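This report describes charged residues and their surroundings in one protein model. Please consult the sequence and the structure shown here.

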Amino acid sequence: NRSARVESIDAVGAMRVALTRFQEEAGDALSSLEHQINRFLDWLEHDQLQYWQHQMRRASERVAEARANLERKQVMTVGGETPPCYDEKQALARAKQRYRFAEERVALVRRLRRDVEHEVNEVQSRLNSLGDALTTDVPNAVAMLERAIKSLNAYAELGRDPVAQNSTTASTGDDKSKTSSGDNQPAAEE
């Protein structure tokens, strides 16, 4: 049984309007989401990766400087003795620690980029399905609702009271039973 009980053609029209609005808003949301994803990937790949690579180079230079300072201090003699190199050793240890930290961050950003790109690819396939539905299925549904509204309006016209229709058409002179040709009998005269 493919019958439906429609109590308001206006409600079907409102559904069509709501579906059209949904299509626009969902399309805007998808575009915004894709833009945000691309911005995040760009930030991760360019800003963060380049920043930590730069920090790693700077830390490497500081390690080289600290090592050179320590070596100078170790070959220096004061009164026939080598002075303590405590400060230089600490500076070298701090420089190495900064280098390791920057190196870990570079590795972390690269790992995160791979993981995020994998997740983005999965999400992107789902978003593409939704985008396809928005560009194909929703317009088809809107067209179907428009056809249904047209059919319902035509059906509603059939169900109108014919006496009320005749009185309306008689007063406007549109009664089809009256003809100007002499072939048919005119309606009863007054």
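Glu146 is partly exposed, with a relative accessible area of 40%; buried means under 20% relative accessible area, exposed over 50%, and partly exposed in between (1.4 Å probe, protein chains only). The model is predicted: local features need pLDDT of at least 70 and side-chain atom pairs count only at pLDDT 80 or more, while totals for chains, interfaces and linings use all residues. Residues are numbered from 1 along each chain as its sequence is written, and side-chain values use heavy atoms, with hydrogens and water left out.

The structure holds 2 salt bridges, a salt bridge being a side-chain nitrogen of Lys or Arg within 4 Å of a carboxyl oxygen of Asp or Glu. In one of them Glu146 pairs with Arg16, with 3.7 Å between the closest N and O atoms. This pair links distant parts of the chain, as Glu146 belongs to helix α2 and Arg16 to helix α1, 130 residues apart. Helices are DSSP runs (H or I, at least four residues), numbered from the N terminus. Arg16 counts as partly exposed at 26% relative accessibility.

## The salt bridge of Glu88

Glu88 forms a salt bridge with Lys73, and the closest N and O atoms are 3.6 Å apart. Glu88 lies in helix α2 and Lys73 in helix α1, so the pair ties together parts that are 15 residues apart in sequence. Side chains of opposite charge can pair when their charged atoms come close.

Helix α2 comprises residues 86-158. Glu88 counts as buried because its relative accessibility is 18%, whereas Lys73, with a relative accessible area of 22%, is partly exposed. Leaving aside neighbours within four places in sequence, Glu88 is in contact (heavy atoms within 4.5 Å) with Asn69, Leu70 and Lys73.

## Charged surface patches

Patches are made of residues with over 30% relative accessible area and no salt bridge, like charges being joined within 9 Å. Arg58, Arg62, Arg94 and Arg98 form a positive surface patch. The elements that give two or more residues to this positive patch are α1 (9-75) and α2. Arg62, in helix α1, is partly exposed at 32% relative accessibility.

A patch of negative charge on the surface gathers Asp42, Glu45, Asp47 and Glu117. Its largest share, 3 residues, comes from α1.

## Ser31 and Gly131

Ser31 lies in helix α1 and is partly exposed, with a relative accessible area of 46%. Although Ser31 and Gly131 are 100 residues apart in sequence, they are 9.5 Å apart in space, C-alpha to C-alpha.

Terms used
Patches are made of residues with over 30% relative accessible area and no salt bridge: like charges are joined within 9 Å, nonpolar side chains (Val, Leu, Ile, Met, Phe, Trp, Tyr) within 5 Å. Accessible areas come from the Shrake-Rupley method with a 1.4 Å probe; for residues, only the protein chains shown count as cover. Lys and Arg count as positive and Asp and Glu as negative; His and the chain ends are not counted. The place of a charge is taken as NZ of Lys, CZ of Arg, CG of Asp or CD of Glu.
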